[in-house]
Amino acid sequence: MLRFLFLLVIFMYLLSTLLPQLDFSILLSILCFIIVLSTLFLAKRSVQILGGAFLFLGIVLLWKSGAYWHNYILSFGPMLDLITLFTLVPILGIPIKLGGYSGGIQTIIQKKINNSGQLYMITSGISYFFSIFMNLATLPMAYYSIRPALNMFAVENKERFMSRAITRGFAMPLLWAPVTPIVGIVISVTDVSWISILPYVVPLSILGLGMDWFIGARRSKKMLTSVPDVSVHETAAAIEPGQLNSPGRIIQIFLAIIIFIIAISIAESRFHLSFLILVSLIVIPFAFAWSLFLKKGTEFNSQLLNHFHSFSISMKDQFFIFLSAGFFISTINISHTDEWLNGWIMKFIQVAGVEIFLILLPLVPLAFAFLGLHPAVSLALMTGGLDLSVLGLDPHILTVAMLAGAVSSFLVGPYNATLGLMSNLVKDTSYKVSNWNISFTTIYISIVMLYVFLLQVFTG
């Protein structure tokens, strides 16, 4: 039943976006309201508390503003674009799994790596590389592909080594990767094109990766000569059946990323649709075409059906929290609380200055992360009540500040899915994984604040 509801809402939302003459807004609001009620007691306790708080605060705002009864139902529906992206983006991981690229990664490690510093850089780089496409699927793929090779080095804490390299490499592309939900959210609010922000955020992303390589590779350990054979056997055993060991096949992923970015760029210039919707619509045909290139079309169809068959179980928390947050954002606008928020922000900017406001802005999603909010939710809440034309902020600099703060929250937020999945892989608590990234994140967010300040001074 839930799976049918989820798929129906996503299908109707995409259809109404492509064909605006089909006005499904009332029906979609009713269905979203039913989904929230249906998932209220199925979601995790922490998600229930957060979502319940959004619902309660939204109801209070509507009640105090004297809104009509139908506003309580029609306020549901915002953030469906984000939910659609969350549902469809994992499909990009199917051709990567079908292509068996992990074998090529392990072959590179066996032939090219001489010390743990090089292994750290390879691990972080591969995590960066896969994150552009695979989102959370990057973590287990990078971990299980590389972890056996680490036994060849006298690294003191191997799980900390893997956690740092993978999570930091994973987080850096989230500043600009087109499949990243936070990128779509910020772009839709600041109303800038994706191509126009790349010169601002790609250097910051590469700087973070380079800084990670410098910090992570400082204490390199040479390969142990007493255990190479054992480690090689362990590495070979980790390769899944059907995977090919040619390192040159990794180039296919690089080419696929370039083609995908070009496709997104062309679609953005040709079609007047939101960035989130454009990416969502391209995902399935692109993944299918890639699978056909691999001669795995039948396998892709089977994996796609499995994805839609099982996603209702994994997505119930996301549907509840994002629809609840969307309801709260709607009530902010309906009750005119957004005008009050803009007034306070304007007063702060007048007193402290635009530079101070932009410098502090990256810290907001970072702070929300420790309260359990996903960066996508915190960014939506931050921007839902902002009127950029009134505030007079440069949209490109604002985009940089919000995205950089969100990326930092992925590194240290103990309640987000990134650290939760990583903690399961390294068999340690998410708080410990967060602590391993604290020093790096502190340095990085300081650089971000300086970067935003300089952008405002020289271009604002």
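What follows is a short talk on the helix packing and a few individual residues of one predicted protein model.

Let me start with the ground rules, since this is a predicted model in which local features need pLDDT of at least 70 and side-chain atom pairs count only at pLDDT 80 or more, while totals for chains, interfaces and linings use all residues. Residues are numbered from 1 along each chain as its sequence is written, and side-chain values use heavy atoms, with hydrogens and water left out.

Overall, the protein has 24 helices and zero strands, where helices (H or I, at least four residues) and strands (E, at least two) are DSSP runs numbered from the N terminus. Of its 460 residues, 54% are buried, a word that stands for under 20% relative accessible area, with exposed meaning over 50% and partly exposed lying in between (1.4 Å probe, protein chains only). If we take contacts, meaning heavy atoms within 4.5 Å, and keep those with a separation of 6 or more, 82% of them join residues 24 or more positions apart.

Now to the helix pairs. Two packed helices are described by the angle between their axes and the distance between the axes; the axes are lines fitted to C-alpha atoms, for helices over the stretch in contact, and the angles run from 0 to 180 degrees between N-to-C directions.

The axes of helix 8, residues 116-134, and helix 10, residues 158-171, come within 7 Å and cross at roughly 35°. On the helix 8 side the contact includes Ser116, Leu119, Tyr120 and Ser124, and on the helix 10 side Phe161, Ala165 and Gly169 are among the partners. By class, this contact has eight nonpolar, six polar and two charged residues, with Ala, Val, Leu, Ile, Met, Phe, Trp, Tyr, Cys and Pro counted as nonpolar, Asp, Glu, Lys and Arg as charged, and the others, Gly among them, as polar.

Helix 11 contributes Ile182, Val183, Val186 and Thr190 to the contact, and helix 22 contributes residues including Leu398, Met402 and Phe410. The residues of this contact divide into 10 nonpolar, two polar and no charged.

Trp194 lies in helix 12, residues 194-216, and is buried, with a relative accessible area of 0%.

Finally, two loop residues. Met79 has a phi near 80°, a positive value in a residue other than glycine, and sits in the loop between helix 4 (69-74) and helix 5 (80-88). Lys295, which is not a glycine either, has a positive phi of about 60° and lies in the loop between helix 15 (275-293) and helix 16 (297-334).
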